[in-house]
Amino acid sequence: MRTFPRTIFASLMLVLVLPAEQVCADAGAVRASERRGDRQITVFTDPTPLRAGPVDVSVLVQDSRTGLVTVSDTIHVTIAPPGETGRGIRRLATGENASNKLFQAAHLEVPSAGWWEITVEVKGPGKVQTPERIVIEVDAAEPLPPWQSMWIWFCWPFAAIAVFAVFKATGRDPRSGSPR
Amino acid sequence: MLDACLRSWPWDPWLLASCILSIVVYGCGWRHLRQHDPARWAIGRLISFAGGLLAIYLALASPIEPLASLLLQVHMIQHLLLVMVAPPLIWLAAPQLPMLWGLPKSLRTQAIGPWLRWPAVRRFARWLVHPATALALFILSNLLWHVPASYELALRSPPWHYLQHLCFFGTGLIFWHPVVQPYPSRVRWSNWLLLPYLLLADIQNTVLSALLTFSSKVLYPYYDGVPRLGNITALEDQATAGVIMWVPGSVAFLGPLFWIGLSLLYGSSSGTRRTRKAKRARIAAPKPLPQLTVLQNAPAMSSSGDGGVLLRFLRWRHARLVFQVPLFLIALFVIYDGLMGPQASPLNLAGVLPWIHWRGIVVLGLMAAGNLSCMACPFTLPRKMARRWLPQGYAWPRPLRSKWLAVTLVGIFLWSYEALALWDSPWWTASITLGYFGAAFVVDGFFRESSFCKYVCPIGQFNFVQSLVSPVEVAVRDPQICTTCRTKDCIRGREEIPGCQLDLFQPKKSGNMDCTFCLDCVQACPHTNVGLVAHLPGTQLGHDRLRSGIGRLSARTDIAALVLVLVFGAFANAGGMVRPVVEWQQQLQTDLGWSPRTIITLYYAMALLVVPVLAAGLASIASHPQSYASPGYVRVATRYAYALVPLGFGMWLAHYSFHLFTSYETIIPTTQRFAADAGFTGLGTPEWNCACCAPVAGWLLRAELLFLDVGFLLSLYTGYRMASEDRATQSQAFRTFLPWGLLITLLFLVGVWLVFQPMQMRGTMMMDG
């Protein structure tokens with residue numbers, strides 16, 4: 001009976017942990033870093049290389065003189081086909097979406113492989129002027145079939161079987177420890 | 001900026017769960033060992049272990065982790081925590097014995113113990129922690145990972161970054177083992193060897209850090225490309241990283257070096273103190289010191305007193321009602337809404353609750369504990385009324401006293417789910433639920449001994465079979481007490497409390513087959529000796545001893561048939577919803593001109609009848625060479641069919657948890673709609689966007705594969721154990737097992753294929769945006 005809570009605890013931990021999603025982006029690759037007015041704006045995309053499907057766009061805004069980070073700007077990220085700037089999927093980049101709170105990140109869906117235009121608009125707090133805009137073109141590759149990125153999740157049992165086979169091949173009984 | 005940095009805690013549930021689980025297991029083992037030897041297992045050990053885990057957590061899931069990709073100096077701190085701080089702290093806690101003692105006994109003795117006793121593992125471990133090997137690995141890992149090409153690779157690729165951290169932490173553990181020499185390891189070399197050992201390690205550390213500190217160019221171009229925080233140049237950052245590696249690194253090596261040197265020259269005063277303390281403690285608590293060899297066969301930590309809050313609750317006469325009454329009320333709502341509400345499944349409680357939530361929760365409950373579904377079954381609630389009003393004096397007809405009726409009903413249920421699209425018809429769902437209440441009422445009103453649960457209920461049969469791999473069963477806690485018991489109340493009953501209605505005599509019961517977790521035996525036992533007992537999942541499947549109420553599993557062809565229908569049904573049920581199978585069915589309809597229902601009937605006839613019989617038959621023939629004394633093909637097939645249960649359960653778990661986690665929010669607007677229709681607007685207007693299926697998250701796919709993986713390995717192991725039990729030699733056992741192993745592998749690969757296919761999101765709304 002005393003062992004019961006431990007087993008249950010382990011199982012519950014598994015059940016509780018599995019649904020937890022790692023939603024936050026961790027920057028990824030630098031796509032552009034440009035000085036706009038008194039700001040240095042750096043745009044990151046993840047995954048690397050960029051593929052069709054879910055994409056994180058993270059933006060780091062710094063004071064260009066001091067290098068200090070600004071997190072109070074309003075940032076919008078838009079993804080659209082080339083030449084249709086600002087007419088695609090538009091998302092607000094927020095600190096909540098980023099694991100590194102120095103960044104502001106937006107989760108977007110690149111609909112298909114090919115060239116896409118990512119527009120980042122940065123607007124300072126309470127300012128009426130036109131937002132700073134950075135436009136970058138990215139080439140999204142075909143999405144990887146899920147099994148290619150998850151092969152380890154269904155192949156590891158075969159490694160375990162191989163270890164067990166070696167264990168048995170040494171001629172030891174796993175329970176008694178005596179040679180068979 | 002500082003505030004933003006401090007708020008940057010990456011959410012890593014796997015790491016957090018691993019740390020919590022480790023400290024809980026260590027804590028349990030440490031507490032037990034401390035009772036025997038409080039001096040050796042001082043509180044400092046526990047603090048040290050927690051400190052080691054905290055260092056790992058801080059390195060990987062604190063603001064250090066996100067900042068490491070922008071600043072090399074922070075990355076250096078991260079590596080120092082993994083190499084210099086966490087490993088020695090963990091070894092100072094002497095974790096081997098506490099971690100073993102903290103595990104459940106069955107896991108310790110049946111799974112971990114044999115591996116630890118395996119000579120090859122022991123030889124390998126000794127070789128690994130020998131100072132020469134440990135130093136070579138440590139230096140090699142440090143040098144290789146600081147080569148610009150490999151460091152760059154780690155910075156740009158998450159999998160390589162994980163590998164880098166794993167190498168640093170792993171070699172850190174290996175390196176610090178000879179220095180700390182944690183109890184109960186034995187030193188096989190002179191401690192004087194540790195002086196050059198630590199000195200050489202410090203020299204390599206000095207060389208590397210000097211290279212970083214004094215280099216005139218940026219060694220890792222990655223840091224040249226990232227934004228520079230606070231205008232720190234990449235070169236300044238690199239030099240600071242070098243200093244961090246140099247100074248604290250050298251302190252970590254030279255501190256122990258001087259300590260060991262002084263101890264060797266003048267003797268260890270702390271050692272004398274420890275001996276005195278130990279002597280005092282032994283006088284105070286003269287219990288024997290646990291030996292490593294004793295751990296293998298040590299009894300489980302015995303239960304004491306009245307068994308705690310859980311057992312007290314389970315023994316409460318109305319414990320089951322706590323679960324049954326809420327489910328009964330929900331069932332009434334489902335019936336009402338299914339019959340009277342809108343006939344679109346995403347809008348109706350009957351279209352959402354049973355097919356998305358209840359099924360998912362049932363399989364998760366079976367995985368985490370046991371047959372909680374039968375324990376909370378609302379259909380048996382009216383049974384008491386039935387017994388009061390109806391005669392209940394008849395015995396269940398002898399020809400029906402097997403699982404064949406249940407096998408047929410399970411098959412019909414699986415077929416009708418697809419052929420009649422039960423999931424898409426709230427009216428049908430409500431009618432079946434109502435029919436269930438009626439059937440339970442009538443069967444249990446006329447027949448004795450829970451005949452409905454044992455012989456009829458298809459849901460019950462599903463739960464019985466799947467709970468064979470659950471980690472918990474209702475069982476006796478101390479078999480010795482049962483040998484002296486004369487009243488046998490667990491089967492006969494006592495006063496108002498009935499004994500087991502399903503003929504399961506607790507001392508002879510093994511596994512969860514036919515056990516509804518009704519708690520009657522728990523409450524009837526006057527010795528408080530029946531309760532929920534944990535064991536390793538699947539261990540009850542392997543043996544073929546007589547089981548109370550069941551007999552030998554190898555002689556129960558009906559139960560084996562039930563198992564085969566449920567295992568192959570798991571794959572057929574999931575297969576019927578994936579795009580390639582649906583397209584193939586549509587193609588057949590076009591080509592042959594048959595109706596969809598005929599195609600589905602053919603599909604299920606193949607999946608539940610033809611394929612299982614062929615697969616089990618062929619495997620049985622192949623594993624049954626005439627040279628062995630075997631009881632016949634059917635008996636062999638019956639025996640080994642049970643090995644498929646864990647894999648089948650893995651498939652059900654993967655499938656149902658997929659629907660639960662992608663569509664769980666559907667309950668919100670449906671409940672709001674139901675409440676509003678009933679005149680209660682307090683829950684607000686329905687948020688119908690919640691009724692759409694969520695995108696399939698990466699973690700869910702990984703979890704599904706994990707369920708299949710564990711089922712696959714458990715099935716293989718169960719099959720191998722059966723063969724080992726049946727055959728005299730290992731080679732005979734292997735040949736007997738091989739065909740079944742191949743069948744299990746084939747089914748596993750089918751399951752993996754299914755998991756990666758696009759699946760219909762039934763019971764949800766499809767909306768744009």
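**Strands, hairpins and domains in a predicted model**

Biologist: This is a predicted model. What makes strand β2 (residues 39–46) of chain A largely enclosed by the rest of the structure?

Modeller: Burial of its residues. A residue is buried if 20 or more other C-beta atoms lie within 10 Å of its own. In β2(A), 6 of the 8 residues are buried, so the strand is largely enclosed.

Biologist: How many residues of chain A as a whole are buried?

Modeller: Buried residues make up 30% of the 180 in chain A.

Biologist: How do you know that β1(A) and β2(A) pair?

Modeller: Count the bridges. Pairing needs at least two. Strand β1 (residues 29–36) and β2(A) have 7 bridges, in the antiparallel sense, so by the cut-off of at least two they pair. One bridge sets A:E34 against A:I41 in β2(A).

Biologist: What lies between β1(A) and β2(A)?

Modeller: A turn of 2 residues, which makes a hairpin of the two strands. A:G37 in that turn has a positive phi of about 65°.

Biologist: Which residues does β3(A) span, and what joins β3(A) to β2(A)?

Modeller: Strand β3 covers residues 53–63 of chain A, and 8 bridges join β2(A) to it, again running antiparallel. A:R39 stands opposite A:D63 in β3(A). Here the hairpin has 6 residues between its strands.

Biologist: Why are β6 (89–93) and β9 (132–140) of chain A said to stand at the edges?

Modeller: Start with the order. The open sheet has 4 strands, β6-β5-β8-β9, with antiparallel pairing. β6 and β9 each have a single partner strand, so one side of each is left without a neighbour in the sheet. The twist averages 20° from one strand to the next.

Biologist: How do you know that β5(A) is a partner of β6(A)?

Modeller: Strand β5 (residues 74–80) is joined to β6(A) by 5 bridges. The cut-off is at least two, so they pair. A:H76 stands opposite A:L92 in β6(A).

Biologist: What is the secondary structure of chain A overall?

Modeller: 3 helices and 9 strands. Along the sequence the pattern is α-β-β-β-β-β-β-β-β-β-α-α.

Biologist: Where are the domains of chain B?

Modeller: Domain 1 covers 2–282 and domain 2 covers 309–542. Their C-alpha centres lie 50 Å apart. The contact takes 5 residues from domain 1 and 4 residues from domain 2.

Biologist: What residues make up the side of domain 1 of chain B that touches domain 2?

Modeller: 3 nonpolar, 2 polar and no charged.

Definitions and conventions:
Residues are numbered from 1 along each chain as its sequence is written. Chains are lettered from A and ligands numbered from 1 in the order in which they are written. This is a predicted model: local features need pLDDT of at least 70, side-chain atom pairs count only at pLDDT 80 or more; totals for chains, interfaces and linings use all residues. Axes are lines fitted to C-alpha atoms, for helices over the stretch in contact, and angles run from 0 to 180 degrees between N-to-C directions. A residue is buried if 20 or more other C-beta atoms lie within 10 Å of its own, exposed if 12 or fewer, and partly exposed in between; C-beta atoms are placed from the backbone. Domain bounds come from an automatic or database domain assignment. Two residues are in contact if their C-beta atoms, placed from the backbone, lie within 7 Å. Ala, Val, Leu, Ile, Met, Phe, Trp, Tyr, Cys and Pro count as nonpolar, Asp, Glu, Lys and Arg as charged, and the others, Gly among them, as polar.
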